[in-house]
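I wanted to look up the salt bridges in this model. My notes follow in the order I took them.

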Amino acid sequence: MGRGSGAAPVSPGFALEVAVLALLAAAAALPSPAAGVNVTAVLLAFPNFADFARLLASTPVAGELAGRSSLTLLAVPNANLPQSPSAFAAGAGADIADVLRYHVLLEYLSPSDLARLPASGKLVTTLFQTTGRAPSDLGAVNLTAGANSTVVVRSPAPSPGSNATVLGAVTAVPYNLSVLAVGGLIVPSGFDLAASESRPAPPVNITRVLTDARGFNVAASMLQASGVASEFEADEHGAGITVFVPTDDAFAGLPATDRLQSLPAERKVVVLRFHVLHSYYPLGSLESIVNPVQPTLATEYTEAGRFTLNITRVNGSIAIDTGVVQASITRTVFDQNPVSVFAVSKVLLPKEMFSRGDSDSTTMAPPSAAMAPGDAGNEQTPPTRFSSPPDLHGEDSESSAALTTAKGASWWCIGLMYLQLHLLLSLDHYLCMIIRL
């Protein structure tokens, strides 16, 4: 009876097997972090990164990312790619795949992580380092903090190389994938994509860059309408260009006395050229610029020493002084050698065309002071036939007052002499009377 009513004993081995199976079932029910995010699918939700997403899909890199987690992808906007993805694939081959691997950081970095970067920077390993083709630690990137809370990504190679500025966060799958926008492709040390491409890269379309960035509608329309944007294409070759672009708010904040929109076409072109340096300067180079007084594109159309900008670092930010206004760089809009574009807080007004008033407002100088070479301060409008010489009326007033004063003094002197003569005659008359008596 005891055998029929008692339960069969459970062996320790059987209990262990049940526990292991339960854990395996629970683990299978959880989503796999490595396969939980399709990077190209994430990017396709953002049309501004469609070209970069297609570039990833055209190389083995997209498949390599499917098996990894805890990543940071440095994505390049469409306008910041030097040329089309098809040209990359045809010209660079395996090189472009390694360049894309260089944009995959094997660490999850959020914007708050970037804000806590040490002063010395942070070295982060990339997917390119895992290929074994990167010498030493050159498969890593160095993240350093710049002015205005910006972050610059560059190669740790001792010689100057490729770099790009972090433009901002795009999206994130917490602790699995962080997508950050950067200002251009970052090329590993020793790579030369330009030499491997069959055609030179087309010039950067500045107006398209400004339109995609938003907040620069006034500047984009002025550049397009004036024809200055087409000048940039020729100026990008050689030393490159650096463009300072006022925001729409900066144009809206102009005093009414400036009337920038109502300037004649030729003077408006001068102001636009005044916002361009005929050399490529990334943000880091502007921070440590050796010669603060920089000629602009407008200088080349006049003479040396005119239409220059004074660029210095003030309180951790880059200040640009024109002699009339002082602006600061607020963010990087585009940075891909040989072109860099920075947003500035104010419209840069040249002192050759505008002057600062006593109330810190600005007034326009005559057109001749801005357009003609030479010292604008010495220029004077020649008098016409019917006009008076300068300050003539003022001198006449002073002369009349002096003449009136002189006449008055003369009459006083004559009166005193007459009185003295009259007294002398009276005294003589009295003396003669006394003698007679």
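I started with R133, which forms a salt bridge with D98; the closest N and O atoms are 2.8 Å apart. The model is a predicted one, and I read the distance as computed from it. I then checked where the two residues sit: R133 is in the loop between β3 (122-125) and β4 (140-145), while D98 is in helix α7, so the pair ties together parts that are 35 residues apart in sequence.

Next I looked for another partner of D98. D98 also forms a salt bridge with R101, with 2.6 Å between the closest N and O atoms. Both belong to helix α7 (residues 94-101), and because they are 3 residues apart there, about one helical turn separates them.

Are D98 and R101 buried or exposed? I found D98 at 5% relative accessibility, which counts as buried. R101 is buried as well, with a relative accessible area of 7%.

I then turned to E107 and K122, whose side chains meet in a salt bridge at 3.4 Å, N to O. E107 lies in the loop between β2 (104-105) and α8 (111-115) and K122 in strand β3, so this pair ties together parts 15 residues apart in sequence. For accessibility, I noted E107 as partly exposed, with a relative accessible area of 27%. K122 is partly exposed too, at 26%.

Last, I took the total: the count comes to 9 salt bridges.

Terms used
Residues are numbered from 1 along each chain as its sequence is written. This is a predicted model: local features need pLDDT of at least 70, side-chain atom pairs count only at pLDDT 80 or more; totals for chains, interfaces and linings use all residues. Side-chain values use heavy atoms; hydrogens and water are left out. A salt bridge is a side-chain nitrogen of Lys or Arg within 4 Å of a carboxyl oxygen of Asp or Glu. Helices (H or I, at least four residues) and strands (E, at least two) are DSSP runs, numbered from the N terminus. Buried means under 20% relative accessible area, exposed over 50%, partly exposed in between (1.4 Å probe, protein chains only).
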